[in-house]
Amino acid sequence: MPRDWPVYKGYATAAARRGLVSAVVDHSLIHGLDRLVAAADEVEAAVGVLRSDPRVDPDRVGLWFFSGAGLLAGEWLDSRPDWLRFVALTYPLLATPPGVDDLVTAAEVIGKHKDLPVLLTRAGLEREELAGPVAEFVSAGGAALDIIDVPKGHHGFDMLDHTEESRAAVTKALDWAIAHLGEEPGDDTKLLVPPPAKKKTTSTRRTTSAAKAAVAVKTPPPPAEPATQPAPSVTTPVVPAPVVPAPAAAQAPLVDLGVATVAAVTADTPAARVIAREHAAYAAHDLEAFLAMYSPTARILRADGAELKGRRFLREYYRPRFDAGECKTEVVQRLMLGEWVVEHVVSYEDGESTPQLALYRVVDGLITDVEFRV
């Protein structure tokens, strides 16, 4: 998988040496471009895990797209979350081949958010089919785009071309990323990614008590290439953050059940803690934290019969409500059993209160199904 490729391991190690947290995402795009939409959801879910890790500052995250993953960048350039500090692209694929469901094209939305820094590392000897869309992207980007050129670099220069030019380009890109995460590049002139050494050396990672900024190095499958190319690079997997128990909601007495049954259905559970975190993000109007608690393929059935499926559609539905500050729900009673959490809630929308029954299912720490009934 891409996170085991030496090229990505090299980028992640270099970032870690500078005191950052770096993660590489294994997503479905490596199995073919027909998995583009699934890959977009998987990357979004991985970013949610990264931001929830206590070692990471959730408000200082950058996304870095390589090769084929360039097709995923447009979504983030189009709807930029507040925590996204930069988007970087290195020898990206920016045009979806015919017959593949496409996402937002990067060239169409570059510069939409003028305060979002964007970096392109461009290979001078890029393949013709990739070079054309990159040129269009540059033309559309104008002043909104920073560019690092590698005139003698091929596609994948950071693993194929062992030259000073290649190493300098990687160093400049890392310095740029670190600067936009709020960290200053090192004063020394030593390259972050050194040339291959004859003897093995070890490095000590700088640690601090404060949460660190993160670079989510997103790994694509390079577009189909002859098998003669060397296999690439590596990175550091993200450890999911431990779920912090939230205070259980006050429970109304269940007079018709025995004491043992009451204890069983009202005791705190892992599923209940996930729902508590979702509710906290909802109340705080934090859309990205709210969505991070949902599976990429989550399904919500509303009381009016409308169905929402997938995190992307959840974002479209909930964003206006979050922006308007219409995020108030009161939990009256809660019952828990295994994967399920059932709540009696009162929601407040348009100045009116509506009592509802909400059923949540949590699998592997993420909400997969929600149903509301009135």
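Among contacts in the protein between residues at least 6 apart in sequence, 70% join residues at least 24 apart. The model is a predicted one. The protein has 374 residues, of which 47% count as buried, and its secondary structure consists of 11 helices and 12 strands.

## Helices H2 and H11

Two packed helices are described by the angle between their axes and the distance between the axes. For helix H2 (residues 36-52) and helix H11, the axes come within 10 Å and cross at roughly 70°. Angles of 65 to 115 degrees count as roughly perpendicular, and H2 and H11 are therefore roughly perpendicular to each other. On the H2 side, the contact is made by Val 37, Ala 40, Asp 41, Glu 44 and Ala 45. Arg 311, Arg 312 and Arg 315 are the H11 residues in this contact. Sorted by class, the contact of H2 with H11 has five charged residues, three nonpolar ones and no polar ones.

## Cavities

Rolling a probe the size of a water molecule over the atoms shows where empty space is left. The model holds five cavities of 30 Å³ or more. The largest cavity has a volume of about 110 Å³. It is lined by 14 residues, and the closest to its centre are Glu 44, Val 47, Gly 48, Glu 288 and Ala 292. Glu 44 is also one of the H2 residues in the contact with H11.

Which elements each supply at least two residues of the lining of the largest cavity? They are H2, helix H10 (287-291) and H11. H2 gives the most, with six residues. By class, this lining has eight nonpolar, one polar and five charged residues.

The second largest cavity has a volume of about 60 Å³. Its lining is made up of Gly 70, Leu 71, Gly 74, Leu 94, Thr 96, Leu 103, Val 104, Thr 105 and Ala 106. Five of these residues are nonpolar and four are polar, and no charged residue takes part.

## The second largest pocket

Two or more lining residues come from each of helix H9 (270-283), helix H11 (311-324), strand S9, strand S10 (340-349), strand S11 (352-363) and strand S12 (366-373). The lining comprises 14 nonpolar, five polar and six charged residues.

| Space | Volume | Nonpolar residues | Polar residues | Charged residues |
|---|---|---|---|---|
| Largest cavity | about 110 Å³ | eight nonpolar | one polar | five charged |
| Second largest cavity | about 60 Å³ | five nonpolar | four polar | no charged |

## Single residues

Leu 337 is found in strand S9 (residues 328-337). Is Leu 337 buried or exposed? Its relative accessibility is 61%, so Leu 337 counts as exposed, the cut-off for exposed being over 50%. Leu 337 and Ala 271 are 66 residues apart in sequence, while their C-alpha atoms are 8.6 Å apart in space.

Thr 90 belongs to strand S3 (residues 84-90). With a relative accessible area of 1%, Thr 90 is buried, because buried means under 20%. Leaving aside residues up to four places away in sequence, Thr 90 touches Tyr 11, Trp 64, Phe 65, Phe 66, Ser 67, Thr 121, Phe 157 and Asp 158.

One of these partners, Ser 67, lies in the loop between strand S2 (56-66) and helix H3 (73-78). Most residues other than glycine have a negative phi. Ser 67 is not a glycine, yet has a positive phi of about 50°. At 0% relative accessibility, Ser 67 counts as buried.

A positive phi also occurs at His 285, where the value is near 60°. His 285 lies in the loop between H9 and H10. Its relative accessibility is 34%, so His 285 counts as partly exposed, a class that lies between the 20% limit for buried and the 50% limit for exposed.

How values were computed: Residues are numbered from 1 along each chain as its sequence is written. This is a predicted model: local features need pLDDT of at least 70, side-chain atom pairs count only at pLDDT 80 or more; totals for chains, interfaces and linings use all residues. Side-chain values use heavy atoms; hydrogens and water are left out. Helices (H or I, at least four residues) and strands (E, at least two) are DSSP runs, numbered from the N terminus. Buried means under 20% relative accessible area, exposed over 50%, partly exposed in between (1.4 Å probe, protein chains only). Ala, Val, Leu, Ile, Met, Phe, Trp, Tyr, Cys and Pro count as nonpolar, Asp, Glu, Lys and Arg as charged, and the others, Gly among them, as polar. Axes are lines fitted to C-alpha atoms, for helices over the stretch in contact, and angles run from 0 to 180 degrees between N-to-C directions. Angles under 35 degrees count as roughly parallel, over 145 as roughly antiparallel, 65 to 115 as roughly perpendicular and the rest as oblique. Contact means heavy atoms within 4.5 Å. On a 1 Å grid over the protein atoms alone, a cavity is a set of points where a 1.4 Å probe fits but cannot get out, and a pocket is an open set with protein on both sides within 12 Å along at least five of seven lines; lining residues have an atom within 4 Å of a point. Grid points are joined across faces, edges and corners, and a volume is the space filled by probe spheres set on the points.
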